[in-house]
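Here are my notes on this one, written as numbered points. Have the fold open on screen while you go through them.

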Amino acid sequence: MSTVSITSCRAYEQAYVEAAFDHLLASLGGMDQFVKPGESVLIKPNLLATKARNKAVNTDPSVIGAIARRVLDAGGKPFIGDSPGVGTARKNADRCGIGAVADALGVPILEFSTSLSIGKTRQGGFPLELAEAARNADAIINVAKLKTHGQMLMTLGVKNMFGCVVGRRKVQWHLKAGVNRDAFASMLVQIYEALKPRLTVLDGIIGMEGNGPGSGTPRPFGILGASSDAVALDTVIMSLMGLLPSRLPTQRAAEALGVGETSLERITILGEDPETVRISDLRIPESADLEWIIPDFVLRPLKKSLTAYPEPEPTACNLCRVCVEACPEQVIQVAADRLRIDTRRCIRCFCCQELCPQGAMKTRQGWLLKRLQRR
Ligand code: SF4
Ligand code: SF4
């Protein structure tokens with residue numbers, strides 16, 4: 001059995017968030033259950049990009065502030081760390097407001113720059129190389145943002161630990177997995193398993209729908225969640241959004257690997273009545289495909305019509321080349337002042353969309369996918 005705590009919180013006012021966070025943690029026994037005096041505690045937010053707070057791309061500073069204060073109260077030594085896809089941890093933290101909160105509390109912000117080789121954590125697993133600072137911290141508090149995700153459908157608790165892969169090594173992970181989302185999800189679960197955050201908190205007060213995680217539409221979901229089991233937390237959040245948990249590739253991988261709790265029946269939900277925080281009509285990414293529910297023999301002839309590819313919007317693109325640099329397969333080129341994508345070699349990781357600072361990388365859906373998603 002795993003326990004997940006949820007609570008509603010409708011605004012990012014510091015006092016509200018602190019009260020909601022205390023309510024959330026009270027169900028789990030308080031911060032003393034997770035942090036002991038003198039321990040170094042990595043607070044791992046989502047610091048994806050250099051975006052303002054109201055874009056809902058990064059974890060909100062009020063949530064990070066509430067967590068850092070409780071860690072300090074418990075006698076821990078918190079630090080904030082990440083390895084963002086665009087910008088730096090410090091720059092992104094400053095832009096969204098986490099920098100000011102951290103400075104006021106005397107909490108350092110660390111850019112993950114060196115990796116430790118962990119090797120394979122299980123037979124047949126992937127050889128892991130993870131941020132040294134994350135591996136060496138006494139405890140990790142993983143603070144995810146509730147957002148849709150072009151490649152993985154949603155980015156929730158388990159996916160947030162991918163920021164502990166340092167810099168360009170993330171690209172190699174995408175290359176290793178290729179078009180296979182389940183293989184990539186398996187890598188994500190193995191990262192989570194290797195680092196095993198003591199606590200995962202999900203900031204869904206204002207999250208993102210549509211073409212997340214970098215350029216979707218902010219939406220107030222009014223929810224905060226927490227658990228020592230990020231897989232269980234993701235299971236509960238998926239069901240609150242009216243989505244089958246098994247639609248999330250990381251849930252399928254966690255179940256296959258026996259990591260965390262993927263069955264709602266074996267999860268105790270504490271805090272608030274789930275009915276009060278239910279989320280309806282979530283707009284999922286246009287790139288979310290349906291391959292996983294369609295048998296292979298049906299899928300093969302329909303593959304093209306069921307697939308979504310990234311497509312630059314020329315009027316919004318300023319040819320900054322961020323996507324060109326980020327593309328693991330190097331299939332994006334600038335030719336005659338326009339971007340060209342070789343879709344035959346594209347592995348549909350949607351890193352280009354995730355990292356585009358202008359929100360200029362759109363999605364082109366196959367005709368059948370478009371129809372099915374509308375339904
Ligand atoms: S699509 Fe976005 S990331 Fe790529 S060149 Fe254009 S603006 Fe830059
Ligand atoms: S074009 Fe975009 S989706 Fe395709 S491989 Fe490159 S980064 Fe991934």
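**Notes on the model**

1. Let me start with a helix pair: the axes of α3 (residues 89-96) and α4 (residues 98-105) come within 5 Å and cross at roughly 100 degrees. Axes here are lines fitted to C-alpha atoms, for helices over the stretch in contact, with angles running from 0 to 180 degrees between N-to-C directions. α3 and α4 are therefore roughly perpendicular to each other (angles under 35 degrees count as roughly parallel, over 145 as roughly antiparallel, 65 to 115 as roughly perpendicular and the rest as oblique). On the α3 side Arg90, Ala93, Asp94 and Cys96 make the contact, meeting Ile98, Gly99 and Asp103 of α4; contact means heavy atoms within 4.5 Å. By class, those residues are three nonpolar, one polar and three charged (Ala, Val, Leu, Ile, Met, Phe, Trp, Tyr, Cys and Pro count as nonpolar, Asp, Glu, Lys and Arg as charged, and the others, Gly among them, as polar).

2. Before going on, some ground rules: this is a predicted model, where local features need pLDDT of at least 70 and side-chain atom pairs count only at pLDDT 80 or more, while totals for chains, interfaces and linings use all residues. Residues are numbered from 1 along each chain as its sequence is written, chains are lettered from A and ligands numbered from 1 in the order in which they are written, and side-chain values use heavy atoms, with hydrogens and water left out.

3. Overall, the chain has 13 helices and 15 strands, taken as DSSP runs numbered from the N terminus (helices H or I, at least four residues; strands E, at least two). Its radius of gyration is 20 Å, close to the 21 Å that the globule rule gives for 375 residues, so the chain is as compact as a globular protein of that length. That radius is taken over C-alpha atoms, and the rule is 2.2 Å times the number of residues to the power 0.38. The C-alpha trace spans about 55 × 45 × 40 Å along its principal axes.

4. Now the open space. The largest pocket holds about 570 Å³. Its lining has 34 residues, with Leu48, Pro84, Gly85, Lys170 and Leu355 closest to the centre. At least two lining residues come from each of β7 (139-149), α6 (169-177), α11 (322-326) and α12 (351-355). On a 1 Å grid over the protein atoms alone, a pocket is an open set of points with protein on both sides within 12 Å along at least five of seven lines, a cavity is a set where a 1.4 Å probe fits but cannot get out, and lining residues have an atom within 4 Å of a point. Points are joined across faces, edges and corners, and a volume is the space filled by probe spheres set on them.

5. As for cavities, the whole structure has three of 30 Å³ or more. The largest is about 110 Å³, and among its 14 lining residues Cys317, Cys320, Cys323, Leu339 and Cys356 lie nearest the centre. That lining is 11 nonpolar, two polar and one charged.

6. Two backbone spots to look at. Glycine 212 and proline 213 are joined by a cis peptide bond, omega about 10 degrees, and proline 213 is in the loop between β9 (199-209) and β10 (217-227). Arginine 321 has a positive phi near 75 degrees, though not a glycine; its place is the loop between β12 (308-312) and α11.
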